[in-house]
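Thanks for coming. I will go through the ligand site and then the packing around it.

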Amino acid sequence: MNRNVLIAGGGIAGMAAGFAVARAGWQARVFERAPEFSEVGAGVQLGPNVTRILQAWGLGDALKQVAAFPAGLHARSMGTGEVLATLPVKDAVTTYGAPYVTIHRADLHGLLLQAAEGEGVQVFSDAVVQRVDGLPDGVTIDVFERGQIQQHMGAIAVAADGVWSPLRQQLLGDGLPSFTGHIAYRALVAQADLPAHLRSQDVSVWMGAQAHVVSYPVRSGEYLNVVCLAEGRLLDDDANNLQALQTWNAKKSEAQTVAELHHALRGACAPLIDLMAACSDWRLWPLCGRPVMQGAHEHAQGRVALVGDAAHPMLPYLAQGAGMAIEDAAELGAQLAVATNTDAPLRMQAFAQARWQRNARVQARAVRNGQIFHATGPVRAGRDMGLRLMGARLMDVPWLYGYGRS
Ligand SMILES: Cc1cc2nc3c(=O)[nH]c(=O)nc-3n(C[C@H](O)[C@H](O)[C@H](O)COP(=O)(O)OP(=O)(O)OC[C@H]3O[C@@H](n4cnc5c(N)ncnc54)[C@H](O)[C@@H]3O)c2cc1C
């Protein structure tokens, strides 16, 4: 049991946590319920606060192989296509000491998995963690694997089991997350299949009424990731089936999706309509969430830490959910690097204290960004004028990107 860490969930948070604690000298086992890791998902943006950690972990070269390095992040009007302001994210290396990258989620996951296994982390798939229990000097988890329940013992456990986290529900008893009223529609398109005027190596955020579209390059710039985020209602079938839709790969009929996108993008400019029309095979993700974190108890309970979306699901409007999972992992690793089995609960508390306010702030800012992106009427006019006048100064977020910089 001594110095064994049991991790539920093998997504970005679980893999990053496995790597970080192994690097800190603990033995980690990751239990993932999916039978295999697949190429599912879409793109993620990673700010310099996150790439700084990946570089410190020695993963900078691996990142360079698969990520794209956009020069600018453009805030645009959905109606006219006008660029209202540009954040020159290529300057992140100079300003914040690390790059701003865009990457396919499967590539990020793949490099974390490889790094974790390289540190000796054991990864088990088709292994569903059902519950966690405390012992006087350790923990046990019950895992359904190979057709039966197996019990594993460790010094600490980590719940990295995502927004629907069964372990969170057991530990905090705060029920299931709820639908936020926002739906993400995602597609990937090869840049080579796009006409020249639609290809891009930059990030664009096209802001409309109650909807926006984000596009950016992934897979070393060979593909464009396109996501439309729209406020709307779910069909009854989908509303009753929310958890099943959280697979990174859910879809509904192309005709239904196109009709919903058409509604979300009413009044959009021709280049955006052309870009959306060039995409196919749309995937759907109804965004579910929880209230902003209220305290350290949501990050740790005794010898169990909660990381990533299990602790703090967030709207993707600050593009930091995976980033916060990686920051959580780095902090957990830093605490365990100086922990013994005996003082592990104190270290879990220190981890929770170090993380919860930062995550709460990012969650709240993501909600606010959504309101700004989707504004209508005078608020939209004020936003656009502010962006035109203040440009990058309004878009930069130093407290976010500069975190942890020595
Ligand atoms: C449309 C969209 C765009 C986004 N864009 C960005 C972005 O640009 N930048 C960014 O940083 N973030 C972004 N995010 C957020 C980011 O994707 C998530 O915050 C991140 O993937 C959370 O990782 P996680 O490991 O905590 O959860 P998940 O990725 O959900 O992983 C949880 C894992 O646990 C497993 N699991 C669940 N229950 C069990 C169990 N009982 N036993 C074993 N395993 C279990 C699941 O199968 C899964 O593999 C975006 C999200 C969305 C929806």
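I will call something a polar contact when a pair of N or O atoms lies within 3.5 Å; within protein, one atom must be able to donate a hydrogen and the other to accept it, and residues adjacent in sequence count only if both atoms are side-chain atoms. On that basis, a backbone N or O atom of Val 129 sits 2.9 Å from a nitrogen atom of the ligand. Ala 13 also uses a backbone N or O atom, at 2.9 Å from a ligand oxygen. For Gly 323, a polar backbone atom is 3.0 Å from an oxygen atom of the ligand. The ligand alone exposes 1000 Å², and the protein buries 91% of that (Shrake-Rupley areas, 1.4 Å probe; for residues, only the protein chains shown count as cover).

Some housekeeping. This is a predicted model, where local features need pLDDT of at least 70, side-chain atom pairs count only at pLDDT 80 or more, and totals for chains, interfaces and linings use all residues. Residues are numbered from 1 along each chain as its sequence is written, and side-chain values use heavy atoms, with hydrogens and water left out.

Now the packing. Which residues does Leu 108 contact, leaving aside neighbours within four places in sequence? They are Ile 12, Val 44, Leu 46, Leu 54, Ile 103 and Ile 326, contact meaning heavy atoms within 4.5 Å.

Last, the strands. β1 (residues 4-8) and β11 (residues 156-159) run parallel, joined by four bridges; Ile 7 has Val 158 as its bridge partner in β11. Strands here are DSSP runs of E, at least two residues, numbered from the N terminus.

Terms used: Two strands pair if DSSP finds at least two bridges between them.
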